[in-house]
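Please look through the sequence and the three-dimensional structure shown here before reading on. The report is meant for someone meeting this structure for the first time.

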Amino acid sequence: MSRIRTFPSFAMESLLRSSCQVLLPSVATCKRLHDCAKAKRRLLTRLYQPRSLWEESSSDNEATSRSQRLMIKAGLIRSSGPGCFHYLPYTVRAMEKLIRLIDREMQNIGGQKIDMPTLCSAALWRQSERWDLMGKELFRLTDRHNLEYCLGPTHEELVTHLVSMEGGINYKELPLLLYQITRKFRDEKRPCFGLLRGREFYMKDMYTFDLSEEAAHTTYRNVCGAYSDIFKILGLPFVKVQADAGNIGGTMSHEFHLPANIGEDKLLVCGNCDFSANVETLNKNEIKCPSCSGALKETKGIEIGHTFYLGTKYSRVFKAICYDSQGKPITTEMGCYGIGVSRLLAASLEVLCNDDDIHWPGIIAPYQVCLVSPKKGSKEAEAISVAESLYDEITQNVVQLRDETVMDDRDNLTIGKRVKEAHMMGYPYIIVVGKKALENAPLFEVRCHHTREVQFMSRSGLIDLLRSVEVI
């Protein structure tokens with residue numbers, strides 16, 4: 001028979017007091033929990049932004065494109081010299097999202113990400129005969145051993161040399177698609193338009209290797225299709241045009257452009273069929289479409305992507321081979337494909353924004369939601385705590401928005417001023433917690449930046465809406 005142990009009454013009272021202390025936290029504990037929750041909130045006052053946000057300045061006179069003016073005014077970039085820029089936090093967040101999108105689409109077609117050196121040996125460039133061909137666009141330097149290098153503007157030489165050093169590619173590995181996203185350098189004679197034409201910029205460059213010309217053409221179509229998907233996801237009005245291969249080389253080339261008056265390329269587009277071309281590829285006086293004889297209309301475009309079928313131009317020089325199923329060595333067929341990542345970011349703002357507000361492609365907006373709380377000392381000041389609890393509920397219940405929601409806690413400013421700035425910054429969703437949030441059935445003002453639609457929604461309705469927001 002088991003022994004039943006009893007507690008003296010004073011011991012039981014002590015135990016009960018201890019239990020109550022666990023169940024009912026002290027005022028100090030509650031304050032500590034509140035401070036912890038506050039520390040986790042992404043508050044606008046704690047984000048690094050230039051103090052001169054949205055103010056006119058003398059440097060604005062130098063800005064020659066809409067995207068440059070807006071990016072300077074919004075504190076997205078700051079110049080560090082001709083054609084070189086500081087990318088500030090909001091821009092870095094947008095760039096990282098754009099890179100994640102590009103990574104996803106490149107890997108969907110079999111792309112494998114690598115990272116090649118920025119310092120490129122002059123010996124390899126001389127071997128391909130491009131050291132002199134590139135001229136003054138190359139940033140050239142000599143090290144302490146008198147060896148010559150350039151800062152890579154493109155990496156055909158390095159990647160082909162890499163593959164050749166490995167002794168060839170087995171047919172089971174084909175097609176081989178290697179890509180990187182990194183900084184590139186070109187000594188532009190006249191850098192301008194902010195990130196649209198810089199001396200230092202981000203680029204996605206992919207290099208493909210195939211066993212035959214037919215297989216290389218299939219890969220070419222697949223990459224072009226992935227490019228189209230990227231631009232469609234971003235909601236951009238792009239056009240794919242026939243292009244000149246230039247000093248990259250090869251026998252087939254296409255460019256992807258965003259039509260814009262600020263564009264530096266002249267394009268001819270047919271109104272009857274899907275033919276379009278860079279004017280460089282057509283006869284000077286050609287006004288009829290070669291495919292259907294329809295009239296060609298001239299427009300300007302910002303180049304955001306370029307594709308090349310290279311054939312054996314580089315693989316022959318560097319002896320890059322692949323082996324077929326019988327073990328026979330064959331000079332590999334190559335292609336190269338570029339997207340100007342930082343240019344694409346700026347170009348998207350160029351074509352989507354108006355003169356006053358930023359309009360991001362929704363999926364790459366730096367933050368998806370901006371919560372605006374009442375001004376301190378106003379009639380609605382009681383709703384500040386409501387805004388804080390709403391922020392916590394959003395970040396706890398809408399998983400994809402935990403890092404996508406910012407609270408504008410500048411409670412010394414009116415709601416109106418902060419809403420105006422939120423529209424200027426381009427947050428896709430702006431939530432205003434005002435006097436209606438203090439009613440028995442609280443309502444929150446929800447502003448959709450892209451449509452300018454305003455709705456008043458319950459807490460549950462708002463949460464359901466935000467669950468549908470797509471992020472990457």
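The sections below go from the chain as a whole to its sheets, a helix contact, a loop residue and its aromatic rings.

## The chain as a whole

The model described here is a predicted one. The secondary structure of the protein chain comes to 12 helices and 22 strands, and of the 472 residues in the chain, 48% are buried. When contacts between residues at least 6 apart in sequence are considered, 69% of them join residues that are at least 24 apart.

## The hairpin of β1 and β2

Strand β1, which covers residues 77-81, is joined to β2 by four bridges, and the two strands run antiparallel. Together β1 and β2 form a hairpin that has two residues between the strands. Where the strands pair, glycine 81 has cysteine 84 in β2 as its bridge partner, while glycine 83, in the turn, has a positive phi of about 75°.

## The sheet β4-β6-β5

Strands of a sheet pair through backbone hydrogen bonds, and the pairing is either parallel or antiparallel. In the open sheet of three strands with the order β4-β6-β5, the pairing is antiparallel. Its edge strands are β4 (119-121) and β5, each of which pairs on one side only, and neighbouring strands of this sheet are turned by 40° against each other on average, with direction ignored.

Between β5 and strand β6 (residues 148-151), which run antiparallel, there are four bridges, and threonine 142 stands opposite glutamate 148 in β6. With a relative accessible area of 33%, glutamate 148 is partly exposed. Leaving aside residues up to four places away in sequence, glutamate 148 touches Cys120, Ser121, Ala122, Arg126, Trp131, Leu141 and Thr142. For one of these residues, serine 121, the C-alpha atom is separated by 6.4 Å from that of glutamate 148, although the two residues are 27 residues apart along the chain.

## The sheet β7-β15-β16

Another open sheet is formed by three strands in the order β7-β15-β16, and here the pairing is mixed. The strands at its edges are β7 (169-170) and β16 (329-331), each pairing on one side only. Strand β15 (residues 321-323) pairs with β16 in the antiparallel sense over three bridges, and tyrosine 323 stands opposite proline 329 in β16.

## A contact between two helices

How do the axes of helix α3 and helix α9 cross? Helix α3 (residues 66-73) and helix α9 (residues 341-352) have axes that come within 8 Å and cross at roughly 100°, so the two helices are roughly perpendicular to each other. In this contact, Arg66, Ser67 and Met71 of α3 meet Leu345, Ala346, Leu349 and Glu350 of α9. Sorted by class, the contact of α3 with α9 has four nonpolar, one polar and two charged residues.

## A buried serine in a loop

Serine 128 is found in the loop between α5 (122-127) and β5 (139-142). Is this residue, serine 128, buried or exposed? Serine 128 is buried, because its relative accessible area is 11%, which is under the cut-off of 20%. Apart from residues up to four places away in sequence, serine 128 touches Glu157, Tyr314, Val317 and Phe318.

## Aromatic rings

A pair of aromatic rings is described by the distance of the centres and the angle of the planes. A search of the whole structure finds nine aromatic pairs. Tyrosine 87 is buried, with a relative accessible area of 16%.

The rings of tyrosine 90 and tyrosine 367 have their centres 5.3 Å apart and their planes at 70°, so this pair is edge-to-face. Tyrosine 90 lies in helix α4 (residues 89-108) and tyrosine 367 in the loop between α9 and β18 (369-372), so the pair ties together parts that are 277 residues apart in sequence. Tyrosine 90 counts as buried at 4% relative accessibility, and tyrosine 367 is buried with a relative accessible area of 4%. Elsewhere in the list of aromatic residues, Tyr227, Phe231, Phe238 and Phe256 form one aromatic cluster.

Technical notes. Residues are numbered from 1 along each chain as its sequence is written. This is a predicted model: local features need pLDDT of at least 70, side-chain atom pairs count only at pLDDT 80 or more; totals for chains, interfaces and linings use all residues. Side-chain values use heavy atoms; hydrogens and water are left out. Axes are lines fitted to C-alpha atoms, for helices over the stretch in contact, and angles run from 0 to 180 degrees between N-to-C directions. Angles under 35 degrees count as roughly parallel, over 145 as roughly antiparallel, 65 to 115 as roughly perpendicular and the rest as oblique. Contact means heavy atoms within 4.5 Å. Ala, Val, Leu, Ile, Met, Phe, Trp, Tyr, Cys and Pro count as nonpolar, Asp, Glu, Lys and Arg as charged, and the others, Gly among them, as polar. Buried means under 20% relative accessible area, exposed over 50%, partly exposed in between (1.4 Å probe, protein chains only). Two strands pair if DSSP finds at least two bridges between them. Rings of Phe, Tyr and Trp (its six-membered ring) pair if their centres lie within 6.5 Å; planes under 30 degrees apart count as stacked, over 60 as edge-to-face and the rest as tilted.
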